[in-house]
Each structure stands twice: as C-alpha cells, then as structure tokens.
Amino acid sequence: MTEEKIVERKPIKATKEMGRIMTAYYFQLNDAARTHSQKIAWCTSVGPAEILRSLGFLVYFPENHGAMLGASRMATDTIPEANAIGYSPDICSYLTADVGAYLKGVTPLSKAYKGIESVPKPDVLVYNTNQCRDVQDWFAWYAREFKAPLVGIETHRGVGDVSDAHVESIAKQMEAIVSPLEEVAGRKFDLEELKRVLALSRECSELWKQVLDTASHTPSPLTFYDGAIHMGPAVVLRGTQQAVDYYRLLLAELNERIANNVAAVEGERHRLYWEGMPIWGRLSAHAKMFAALSTCVLASTYCNSWIFTAFDPDDPFTSMARAYTELFIVRSDESKERYIKQMIDFFKADGVIYHDAKTCPNNSNCRYGMPQRMERLTGLPSLILHGDLNDLRLISDEQTRTNVEAFVEQLEENKT
Ligand code: SF4
C-alpha cells in the first residue's frame, strides 16, 4: 500500500446556502408534524412528489433519511434492529437502517438540526416501484405502524425503449392516485397548481443537469462526491422556488471555477465515471483517496437520476409518466449501456468504477456482464468495487484501497 498524500477537499461556497434551505425544510416538516398545521406525505425519491406538492402536502423522503443514516455511520447500529424483526441483512440497507432507527428511537436529524427529535409522522405514504420493490415493503411497514394510507404506482421494469403504452399505463395510475390523496389532503386537486409545481420541478432539473454537466470541463470543477452532497435539494425540494434559486447559485460558482480553470481535484490526471450507489459512510474518505491519486471521479448515473427534463407543464400526467419511466434504473441493460457510453464520451472519462452494492441489486449493474461488454464497446478499463450504500460491515477498506490504487496505476500505464 502506498502512503496517501494529504489533500484538502476544495470547499464549495454555496454549501452554506444549501445548509440553510435544508435546515428550513426539515424544521418546516417538524413544525407541521408537531402542530398538525399541514399534512405530510412520505414519498419515494423518484415518486410523484409534484402531485403531492400540488395538493398542499409537505413532502418527506425516507431515502434521504436513509442516506443520512449511512453518511453519519449510524446505520451500522440501526440495521441489526430491523434484522431482528425479520428484515433480512441482504435487502436494501436504506430500508433496514431507516426502520431500525425508528425502532431504536434515533435519527441523524437530531444531530444535524438541534430541536428535531424524530422523523415527521406521515398522513399518507406514496411510492413508485420505478426504482425497486423494496420501497413498497419499506413504506408498507410504516403504513402499518402509523395506520396511515399507502398509495402506489407500479412501474414496468427492464424497459428498453419507453413506448406510448408504457407511458399511458403509468399516467393512468398517476391520475388514479389523485382521488385518495384528495381525501387525505382535505382539498380538491387543482390542475393549474400541478402545472405550476411541475414547471418549477422542470427548471430545477434543467439547472441540476447544467450543474452536473460542468464536470465535462477539463479540469472538472466538481466531483461525484460533491454531487452526492449537493443533490439534496433536487431530491427533497424539487417543485419549489428554493431549489431553483439554489441551483442558480451553485451553477454560477461552478462556472466561475471553469472560467478560472479551478480544478476540484488539484492536478487532475485521470477522469472516472461512477456507476451505482454511493458508499455513504465513506464519501469523504473516498473523495480524499481519489484526490490523493490525482484522480477525479467526476460524474455518475446516480446523481443524474434526478434530472427530469421530460416534464412538460402543458401535459403534466403524460410527461411525468414519461420522465419517471425513462429513469436509468427502470431500463433494460441495452438502454443502460447506451446511456453509459454517452456519459463516458460526454464527460471524457478514462475509465469506469462499478459499485456492486450488496444490498441493492437494483442499482448494481455489474452482475450480468455489463462491465465486460462496456470495455469491449469503449476500450476503456473498469473496476468493480464490492461494498454497500449503508452497511459498512460489507466493505473492506483495505481491499478497496488496494484495488483502486492498482486501477489508477493501470490508467497511468495506459496514458504513458
Ligand atoms: S434502489 Fe436500492 S438503495 Fe434505493 S431503495 Fe431500492 S434497494 Fe434501496
């Protein structure tokens, strides 16, 4: 093992503003749950948040909480609690970390936001299985626990080209959830309000895309690790003005970095594409490890998953159905490979890292020969890292470092 060079992560100034809007978001949820002043809907991260907002719900995303449990490394202590009630260590570790935290009566929100003691209680839970079935089981557990209604959309999986038939069937399901949601919301659905929210969501998506696309510049002004942190508003605040304002601010800062040739990784020598889930408990450690190797992991399918530029306020249900079905995670391997090829070309990557996340087969794309096919197609090397999004018991730091160092050496040889 080589000795690691000490590197400072280059701070993004806009982070302070992101902290402010995320704090306001969580306190608004907390106050509403305490005073019953506004109804709260729990939503999956690529669920129909726009419909919920248009009906006046405050929207809470348990996956964001799952990621916080991972990043704070609290997940290691909470996962066994869920295992003990029959939720296997092999299923989604967002689910097990989150349910375990609830059973244990702990939350990372208390550490991050003084005065918040628990997650906000739901009035309704809304899922879309476009990412996996685990979200359905996860939300069903809480629906039983809180005796709250559970509403869902069941999406086609392994979709090649998204056809009108796919879109139509999902659009119909989206329309069908409106009536039960109206009942919980205690108000009528307003199409104009949905169009307004959807326009904001679209604007947020476009700005988020522009932010991520800045990484195509050489040297890249941001890393995948920055993206994993700054995607927070695109997930939990899409459909609001705050998210739009935030990404304008972040984009301006990144464009300024480009104008001044400021690199996120000093002396950027290799550019890598990340495929799969982040390893939340090692985000900072891995950012430093790659930076010390003058290697910028600069783009990912993961961060790009919250880009919904198909949203069209003039045709809300059909365009939402399309956008939420065109998602990478829903698609066939053939479509995924075409997408990754485009990304590699656009970001001028020298190689790809596939994260085989033990508890998320849904977003681990290296188990059916994809890396080998992509290597043949692109001529670029790839590395598979075995790990997990949240369960640190499934990660060998030593092995990861050894494999990454050997991979970067290989990139260096290819270069010279
Ligand atoms: S996609 Fe993976 S990480 Fe996300 S909820 Fe489903 S199983 Fe969990």
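Around the ligand you will find Glu 63, Cys 92, Tyr 94, Gln 131, Cys 132, Asp 134, Val 135, Met 277, Cys 360, Asn 362, Asn 363 and Leu 389, where a residue is near a molecule if its C-beta atom, placed from the backbone, lies within 6 Å of it. By type, the shell has 7 nonpolar, 3 polar and 2 charged residues (Ala, Val, Leu, Ile, Met, Phe, Trp, Tyr, Cys and Pro count as nonpolar, Asp, Glu, Lys and Arg as charged, the others, Gly among them, as polar).

A word on the model: it is predicted, with local features needing pLDDT of at least 70 and side-chain atom pairs counting only at pLDDT 80 or more, while totals for chains, interfaces and linings use all residues. Numbering starts from 1 along each chain as its sequence is written.

Now let us turn to a sheet. Its 4 strands form an open, parallel arrangement in the order E2-E1-E3-E4 (strands are DSSP runs of E, at least two residues, numbered from the N terminus; two strands pair if DSSP finds at least two bridges between them). Strand E2 (58-60) and strand E4 (150-153) are the edges, each pairing on one side only. Strand E3 (residues 124-128) runs parallel to E4 and is joined to E4 by 4 bridges; for Asn 128, the bridge partner in E4 is Ile 153.

Finally, the C-alpha atoms of the protein fill a box of roughly 65 × 45 × 40 Å along the principal axes.
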